[in-house]
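Here are my notes from a pass through this one. Have it open in your viewer and follow along by residue number.

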Amino acid sequence: MSKTFAFFGATGGCTNACLAYTLLNGYNVIALARTPSKLTNQLLEQPGLTTSTLEKHLRIIQGDATDIEAVMQTLIVEETESQPTLVSSVISGIGGTGIITYTKPSPCEKMKMRIPTMPHIELANPHITEEFAQTLLAALRRIAEERFVNFNAYASVAPRVTVISSTGIKKELNDVPFWFKKMYDTLLPIPHEDKLKMEMVFEAEKSKEENVLAGGLILVRPSFLSGDHLIPAPGKEDPYRKLRVGNEKKPAVGYTVHRTSIGRWIYEEVVRNGGDLWVGEGAILTE
Ligand SMILES: NC(=O)c1ccc[n+]([C@@H]2O[C@H](COP(=O)([O-])OP(=O)(O)OC[C@H]3O[C@@H](n4cnc5c(N)ncnc54)[C@H](OP(=O)(O)O)[C@@H]3O)[C@@H](O)[C@H]2O)c1
């Protein structure tokens with residue numbers, strides 16, 4: 001049976017591009033989306049993707065990434081009498097919708113007002129990636145406990161999990177150029193705190209004896225994102241050729257990276273090659 005991949009956050013630029021490459025190359029996908037029509041409209045804008053490809057290879061689950069039932073549906077390809085068939089890999093680009101803001105809540109709680117501050121990004125849900133990580137692990141645990149005869153049976157088919165985190169999360173990685181550090185510290189503390197907490201949720205799971213991440217975890221750390229979800233049409237300039245790739249021991253340090261290059265890298269390394277080289281590594285991607 002061909003592999004099936006679960007996608008979360010595929011209306012975001014990086015993950016939409018990855019999903020486009022995945023579908024164009026004939027893999028099957030189950031994708032969770034809050035607004036399925038937004039996802040299909042974005043995919044049909046992608047060069048080469050047609051309605052018939054979507055009908056053949058894509059199943060969309062309508063729902064929220066913090067809804068355990070919806071997440072479970074996205075992870076199960078098929079229920080059988082013995083044990084379910086699970087997706088072989090999970091790919092997530094879940095992230096909060098950011099708005100640039102010039103005020104912050106007053107430190108005096110009694111004064112329910114906001115005071116001026118340096119420009120920074122606030123998120124509609126500042127805990128979304130942490131909450132998604134918790135929901136994903138809870139969904140995998142319920143699947144392992146309720147649908148498999150024992151944990152080992154689950155662990156032998158546990159999906160590999162690839163999530164987009166960020167550079168600048170852990171100071172010790174030195175993955176941000178000197179001239180960008182101040183900007184990251186001022187502009188991005190809210191999304192970065194969320195990503196750090198997401199990583200801590202995964203880290204805590206890895207230390208458990210019955211670790212539902214038995215299929216392996218891959219963290220993708222892009223530098224500042226540029227561009228949109230549209231993959232280059234054949235023959236057009238592709239920013240992917242400028243992509244530089246490092247890991248946590250030897251980071252690739254740079255300023256920006258195009259969303260479609262992140263999507264293409266995840267497609268090449270995780271979807272096409274399985275991702276073995278990157279399990280337990282943070283892939284640091286920049287231009
Ligand atoms: N911006 C940067 O410079 C930067 C740098 C490094 C890393 N990152 C991270 O890289 C990742 C990809 O970024 P991107 O710009 O390509 O995508 P993005 O625009 O951040 O997309 C976020 C995705 O998460 C989905 N989402 C959010 N809350 C959800 C919920 N409760 N339930 C279901 N889906 C939900 C959104 O769906 P809807 O369409 O329904 O909103 C969208 O598909 C994000 O995690 C981002 O934080 C960003």
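1. Tyr27 first. This is a predicted model, and in it Tyr27 comes out at 19% relative accessibility, so it counts as buried, the cut-off being under 20%. Its ring and that of Phe5 have centres 5.6 Å apart and planes at 90 degrees, so I'd call the pair edge-to-face. Phe5 sits in strand β1 (residues 4-8) and Tyr27 in the loop between α1 and β2 (28-33), so the pair ties together parts 22 residues apart in sequence. Phe5 is buried, as is Tyr27.

2. Tyr27 also pairs with Tyr267: ring centres 6.3 Å apart and planes at 65 degrees, so again edge-to-face. This one links distant parts of the chain, since Tyr267 belongs to helix α9 (residues 259-272), 240 residues away from the loop residue Tyr27. With 4% relative accessibility, Tyr267 counts as buried.

3. Step back to the cluster. Ring pairs join Phe5, Tyr21, Tyr27 and Tyr267, and the structure holds eleven aromatic pairs. Tyr21 has a charge on it too: the charged end of Arg264 sits over its ring, 5.8 Å from the centre.

4. What does Thr22 touch beyond its sequence neighbours? Leaving out residues up to four places away, the list is Phe5, Phe7, Tyr27, Val29, Tyr267 and Val271. Thr22 is a helix residue, in α1 (residues 13-24), and at 0% relative accessibility it counts as buried.

5. On to the ligand. There are 23 residues around it, and Thr11, Arg34, Lys38, Ile94 and Lys195 come nearest. Gly12 uses a backbone N or O atom, 3.1 Å from an oxygen of the ligand. Asp64 places a polar side-chain atom 3.1 Å from a ligand nitrogen. How much of the ligand's accessible area does the protein cover? The figure is 82% of the 910 Å² that the ligand has on its own.

6. Helix α4 (residues 68-75) has Ala70, Val71, Met72, Thr74 and Leu75 buried. As a reminder, an α-helix has 3.6 residues a turn, so residues three or four places apart point the same way. At the start of α4, check the side chain of Asp67: one of its oxygens comes to within 3.0 Å of the backbone nitrogen of Glu69.

7. Is Val212 buried or exposed? It is buried, with a relative accessible area of 0%, although it lies in a loop, the one between α8 (189-206) and β10 (217-222). Its contacts, not counting residues up to four places away in sequence, are Leu137, Leu140, Arg141, Phe151, Tyr154, Ala158 and Glu205. For Phe151, 61 residues apart from Val212 along the chain, the C-alpha separation is 8.8 Å.

8. Last, Met113, also a loop residue, between β7 (98-105) and β8 (114-123). At 40% relative accessibility Met113 counts as partly exposed. Setting aside neighbours within four places in sequence, Met113 is in contact with Lys104, Pro105 and Ser106.

Note on methods. Residues numbered from 1 in each chain as written. Predicted model: local features only at pLDDT ≥ 70, side-chain atom pairs only at ≥ 80, totals over all residues. Heavy atoms only, no water. Helix = DSSP H or I, 4+ residues; strand = E, 2+ residues; numbered from the N terminus. Buried < 20%, exposed > 50% of the residue type's maximum accessible area, 1.4 Å probe, protein only. Contact = heavy atoms within 4.5 Å. Polar contact = N/O pair within 3.5 Å; in protein donor to acceptor, adjacent residues only side chain to side chain. Phe/Tyr/Trp six-rings, centres within 6.5 Å; stacked < 30°, edge-to-face > 60°. Lys NZ or Arg CZ within 6 Å of the ring centre and 35° of its normal. Near = heavy atom within 4 Å. Areas by Shrake-Rupley, 256 points an atom, 1.4 Å probe, with all protein chains shown as cover.
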